[in-house]
Amino acid sequence: MIEKKQQIFNKLGLHARAAAKLSHLANMYTSEIYLIYNEDKVNAKSLLGILTLAASVGNEIILQASGEDEKDAVAAISDLFNRKFDEES
Amino acid sequence: MIKSVIITHGKLGHELIQVAEKILEQKLDIEAIAFDWQGDGSAMIAQLEKFIARNQGHKIVIFTDMFGGSPSNISTRFINANVEVLAGINLPGLLKFFCCEERNGNFHQIVKKVEQEAKEGINIISEYLGEKK
């Protein structure tokens, strides 16, 4: 299992469209992937699960993955966060 | 493959689909049928019959806006092993159906998951936040 701290950079935070992109990406990997924010831990493959975090810009979450492709999964998801979900130039 | 149609009072279904497509950033394989307020429902029945005929050989889920309403009551007559009706669909349920769902799984289980997600998507936010404390 690996974990990585990840800051949220996009202005709108983990809103609906960002959550859709994130869950879609997470579903491309076989690993179990979770997002941890405060005391909440949600399945990164669940769009609504992600939305319940109500995480905003500037917040820091933890990406957690366990499985054969855990490294690739965390790297790809982290990249999506760092690209601000391709919402901003 | 599961085919889907949403039948609602007015254009509610059309709007739900548009919003879901915006969020998911993809064209969704779903049709919308609007209940004609002035009519007796016969136009809606004809549209639904055509949809089902076009999709013979597929499993079909009919989403309606409210249990007991005309769209739902009319849809109920089409229920069989290949056709299920889910009444009271909302945005969370629709997103669940199209996002991240194993579409080749058990038909009833998939519809059940959508039902659960739709129900869980309704929250009094102050109570929800209170439970988390």
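Predicted model: local features only at pLDDT ≥ 70, side-chain atom pairs only at ≥ 80, totals over all residues.
Strands of a sheet are held in pairs through backbone hydrogen bonds, in either a parallel or an antiparallel arrangement.

Within this sheet, strand S3 (residues 59-64) of chain B can be followed on both of its sides. With strand S1 (residues 2-9) of chain B, S3(B) pairs in the parallel sense over six bridges, and in S3(B) the residue that stands opposite B:Ser4 is B:Val61. With strand S4 (residues 83-87) of chain B, S3(B) again pairs in the parallel sense, over five bridges, and here B:Ile62 stands opposite B:Val85 in S4(B). How enclosed is S3(B) by the rest of the structure? Five of the six residues of S3(B) are buried, so this strand is largely enclosed by the rest of the structure.

Four strands of chain A form an open sheet in the order S1-S4-S2-S3, and the pairing is antiparallel. Strand S1 (2-7) and strand S3 (40-43) of chain A are the edge strands, each pairing on one side only, and the twist averages 25 degrees from one strand to the next. The pairing of S1(A) with strand S4 (residues 60-66) of chain A is antiparallel and extends over six bridges; A:Lys5, for its part, stands opposite A:Ile62 in S4(A).

In H3(A), the residues A:Glu70, A:Ala73, A:Val74 and A:Ile77 are buried, and they cover an arc of only 90 degrees around the axis, which puts them on the same side of H3(A). An α-helix has 3.6 residues a turn, so residues three or four places apart point the same way. What do the buried residues of H3(A) pack against? They pack against S1, H1, strand S2 (32-37) and S4 of chain A, whereas the face of H3(A) turned away from its buried side carries the exposed residues A:Asp79 and A:Asn82.

In the segment after H3 of chain A comes A:Lys84, whose phi is near 55 degrees, a positive value in a residue other than glycine. With 16 C-beta neighbours inside 10 Å, A:Lys84 counts as partly exposed. A:Asn38, in the loop between S2 and S3 of chain A, likewise has a positive phi of about 55 degrees although it is not a glycine, but A:Asn38 counts as exposed, with 11 C-beta neighbours inside 10 Å. In the loop between H2 and S4 of chain A lies A:Gly58, which is exposed, with 10 other C-beta atoms within 10 Å. The C-alpha atoms of A:Gly58 and A:Phe85 are separated by 14 Å, the two residues being 27 residues apart along the chain.

Finally, there is the place where the chains touch. The contact takes ten residues from chain A and ten residues from chain B. On the side of chain A that touches chain B, helix H1 (16-26) and helix H2 (47-51) of chain A each supply at least two residues, and H1(A) gives the largest share, five residues. Sorted by class, this side of chain A has four nonpolar, four polar and two charged residues.

Notes:
Residues numbered from 1 in each chain as written. Chains lettered and ligands numbered in written order. Contact = placed C-beta atoms within 7 Å. Nonpolar A, V, L, I, M, F, W, Y, C, P; charged D, E, K, R; others polar. Pairing = 2+ DSSP bridges. Axes fitted to C-alpha atoms, helices over the stretch in contact; angles between N-to-C directions. Buried ≥ 20, exposed ≤ 12 C-beta atoms within 10 Å, placed from the backbone. Arc of directions from axis to C-beta.
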